[in-house]
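My notes follow the model below.

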Amino acid sequence: MPQASEADKYLLDQIAAGNTDAWSQLVNRYHGRLLAFARSRLPKSADPDDFVQETFLLFLQSFRTFRRDASVETFLFTILRRRMIDHYRGRKMPTCAIQDQADSLDTDHRQATTDPQSPSWYVRNDEQSDLLEQAIAAGLEGLTSRLRDQQKLNELRAIELIFYAQQRNKDTARLCDMEEKQVGLLKFRALEQIRDNVTAHLTANQRDALRSFRWEDATAADSILTRVWENLRPTCPKRSTLGRLLLGTIESPWKDYVDFHVHHLGCRFCQANLEDLKRESAAAPTQLRERIFQSTVGFLTRA
């Protein structure tokens with residue numbers, strides 16, 4: 001799963017000690033990209049500032065159980081998205097733009113992939129569902145890492161479309177210029193690799209505990225993979241890579257892949273990061289940051 005940067009680890013340690021300057025720095029670092037994400041997903045009648053402010057408050061309230069080595073950005077994005085879904089119960093909030101166009105998906109299947117879930121692997125508990133998601137996260141990371149290392153970027157695009165965007169095989173084949181049979185075989189092999197990786201990360205007792213999960217049930221497998229993918233974001237490029245895309249300094253074949261991920265797949269998280277990067281060169285407004293800081297700093301001593 002995404003790891004915290006050394007800078008974030010330092011800030012987290014300082015925040016745990018009640019350092020208000022460290023908390024201010026963390027708010028400054030992440031509030032812009034969270035605000036861009038909220039603005040892109042909320043209706044015009046909503047106030048995105050309120051949702052971002054509440055996100056930081058919820059982060060502090062869960063600070064004691066937050067794993068210090070986990071990605072702060074991913075956790076904050078997950079809290080924000082969950083809060084928006086909770087507030088607009090029943091409103092679909094896909095995390096990639098291409099899902100908005102997937103009208104051919106039936107309602108039950110689509111709802112299965114959009115139900116809100118807690119960022120469970122960031123919290124220390126022993127529930128069976130968390131064990132499964134942790135194992136699948138490890139499997140997904142193993143699969144996507146291999147494809148990246150081998151620069152099989154077209155296959156990586158296809159895997160994103162299948163498991164993240166919930167696209168049908170025929171639509172994935174069209175978008176990736178592949179045969180539909182190729183896509184079907186790729187999906188089958190990917191599920192096998194993830195399942196094998198899951199098994200390798202579990203003890204015998206843990207494997208017994210998860211025997212009830214039916215990998216042959218395509219809907220169940222696709223749903224949980226999409227949910228884990230949304231929380232894990234294993235193929236999202238680094239913020240520095242997005243900066244290079246913005247400056248036009250990233251070279252092929254990575255340029256084509258990152259452009260696909262951001263603009264064609266339409267990853268909302270990366271689009272929010274890119275929008276925030278565009279605004280960084282200008283003088284950033286301080287009103288929201290000050291509002292977040294003042295409304296949450298009192299919780300530092302409780303964290």
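I began with helix 7 and helix 8, which cross in a right-handed sense. A crossing is left-handed if the near helix is turned anticlockwise from the far one by less than a right angle, and right-handed if clockwise. Helices (H or I, at least four residues) and strands (E, at least two) are DSSP runs, numbered from the N terminus.

I noted that this is a predicted model, where local features need pLDDT of at least 70 and side-chain atom pairs count only at pLDDT 80 or more, while totals for chains, interfaces and linings use all residues. Residues are numbered from 1 along each chain as its sequence is written, and side-chain values use heavy atoms, with hydrogens and water left out.

I then took the geometry of helix 7 (residues 153-164) and helix 8 (residues 169-176): their axes come within 10 Å and cross at roughly 145°. Axes are lines fitted to C-alpha atoms, for helices over the stretch in contact, and angles run from 0 to 180 degrees between N-to-C directions. Asn-154, Arg-157, Ala-158, Leu-161 and Ile-162 of helix 7 make the contact with Thr-172, Leu-175 and Cys-176 of helix 8. Contact means heavy atoms within 4.5 Å. I sorted the residues of this contact by class: 5 nonpolar, 2 polar and 1 charged. Ala, Val, Leu, Ile, Met, Phe, Trp, Tyr, Cys and Pro count as nonpolar, Asp, Glu, Lys and Arg as charged, and the others, Gly among them, as polar.

Next I looked at helix 2 (residues 20-41) and helix 4 (residues 72-87). Their axes come within 10 Å and cross at roughly 40°. This crossing is right-handed. On helix 2 the contact includes Tyr-30, Leu-34 and Phe-37; on helix 4 it includes Leu-76, Phe-77 and Leu-80. The classes here are 10 nonpolar, no polar and 4 charged.

**Helix 9**

I checked the length of helix 9 (residues 180-200). Its 21 residues reach 30 Å from first C-alpha to last, close to the 30 Å expected at 1.5 Å a residue. The expected span is 1.5 Å times one less than the number of residues. Val-183, Leu-186, Lys-187, Ala-190, Leu-191, Ile-194, Asn-197 and Val-198 are buried. They cover an arc of only 135° around the axis, which puts them on the same side of helix 9. The arc is that of the directions from the helix axis to the C-beta atoms. Exposed Lys-181, Asp-196 and Ala-200 sit on the face turned away from the buried side. Buried means under 20% relative accessible area, exposed over 50%, partly exposed in between (1.4 Å probe, protein chains only).

**Ile-98**

I found Ile-98 in the loop between helix 4 and helix 5 (107-114). Ile-98 counts as buried because its relative accessibility is 7%. Beyond four places in sequence, its contacts include Leu-161, Leu-175 and His-264. Its C-alpha is 6.1 Å from that of Gly-266, 168 residues apart along the chain.

**Backbone exceptions**

Which residues does a cis peptide bond join? Ser-252 and Pro-253, with omega about 5°. Pro-253 lies in the loop between helix 12 (239-247) and helix 13 (254-264).

I also logged Asp-177, a non-glycine with a positive phi of about 55°. Asp-177 lies in the loop between helix 8 and helix 9, and counts as exposed at 73% relative accessibility. Arg-233 has a positive phi near 50°. Arg-233 is buried, at 8% relative accessible area.
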